[in-house]
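Subject: Structure for your files

Dear colleague,

Here is the structure I said I would pass on. Please open it alongside this message.

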Amino acid sequence: MDIVIPVIKTLQKWIKDYEHPTLRRSARERNPYKTLISCLLSLRTQDVNTDKVSSALFKVADTPEEILKLPLRKLEKLIFSSGYYKNKAKTIKHVSKIILEKGKVPSDLNELMSIKGIGRKTATITRVFGFGKADCIPVDVHVHVIANRLGWVKEKNPEKTEEGLMKIIPRKYWFEVNTLFVLYGKKICQTQSPFCSKCVIRKYCKRIDVKRSR
Ligand code: SF4
């Protein structure tokens with residue numbers, strides 16, 4: 001698809017004015033455990049909360065051993081503002097226990113997903129940003145929605161969207177696709193009503209299923 005590279009290049013220029021999303025920033029540290037825990041904390045909350053809560057938690061505990069030593073109540077209190085804190089605390093404890101038993105965070109996607117509480121999105125984020133192994137494309141709601149609106153895929157299921165994107169996007173861009181689309185989805189191509197009037201990739205977009213825009 002000959003519009004794929006122009007879109008990616010346009011978004012690469014556009015993103016220079018913005019700070020990267022939290023999970024992408026975690027890639028700088030190359031610490032798969034912290035990326036994994038940040039991803040679990042980021043579920044159903046905003047980046048600003050994930051940032052705040054991850055920093056507060058990692059100041060107190062940033063290894064599976066330390067997390068397991070934390071009393072559950074204290075962990076809940078530390079991550080309270082990320083929302084769904086009771087469930088998240090339980091998941092973080094469970095995931096940390098399994099990782100401690102295994103001796104390290106698995107880098108294999110299937111092994112990661114075999115741990116209760118880790119879905120494909122969290123597993124791919126951990127592999128790409130935690131381990132720096134960009135042989136898959138993390139697909140969250142923004143990546144899924146934008147890929148469908150552009151007309152690059154026609155899928156209801158994010159896993160199918162990932163497969164579709166891997167077929168059309170050259171591999172050297174796989175590491176970046178999530179970052180570009182997540183930030184673009186937060187700022188411009190918003191899920192409920194995209195800012196098509198401000199869109200830098202509008203000329204490439206089929207605007208599939210866009211019923212309302214600004
Ligand atoms: S034209 Fe609208 S729907 Fe298409 S990518 Fe831009 S903001 Fe999203």
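Below is what was found in it, starting with the chain as a whole.

This is a predicted model, in which local features need pLDDT of at least 70 and side-chain atom pairs count only at pLDDT 80 or more, while totals for chains, interfaces and linings use all residues. Residues are numbered from 1 along each chain as its sequence is written.

Overall fold

The chain has 12 helices and 0 strands, where helices (H or I, at least four residues) and strands (E, at least two) are DSSP runs numbered from the N terminus. Its radius of gyration is 18 Å, close to the 17 Å that the globule rule gives for 214 residues, so the chain is as compact as a globular protein of that length. That radius is taken over C-alpha atoms, and the globule rule is 2.2 Å times the number of residues to the power 0.38. Along the principal axes, the C-alpha atoms fill a box of roughly 55 × 30 × 30 Å.

Of the 214 residues, 37% are buried. A residue is buried if 20 or more other C-beta atoms lie within 10 Å of its own, exposed if 12 or fewer, and partly exposed in between, with C-beta atoms placed from the backbone. Among contacts with a separation of 6 or more, 57% join residues 24 or more positions apart; a contact means C-beta atoms, placed from the backbone, within 7 Å.

Ligand surroundings

There are 15 residues around the ligand, and Cys189, Pro194, Cys196, Cys199 and Cys205 come nearest. A residue is near a molecule if its C-beta atom, placed from the backbone, lies within 6 Å of it. The shell holds 11 nonpolar, 1 polar and 3 charged residues. Here Ala, Val, Leu, Ile, Met, Phe, Trp, Tyr, Cys and Pro count as nonpolar, Asp, Glu, Lys and Arg as charged, and the others, Gly among them, as polar.

Individual residues

Most residues other than glycine have a negative phi. Tyr84 has a positive phi, near 45°, and sits in the loop between helix 6 (72-79) and helix 7 (85-102). Tyr84 is partly exposed because 13 other C-beta atoms lie within 10 Å. Arg207 also has a positive phi, of about 50°, and is found in the segment after helix 12 (174-187). With 15 C-beta neighbours inside 10 Å, Arg207 counts as partly exposed.

Lys74 is in helix 6. The C-alpha atoms of Lys74 and Val143 are separated by 34 Å, and the two residues are 69 residues apart along the chain.

Regards

Conventions: Contact = placed C-beta atoms within 7 Å.
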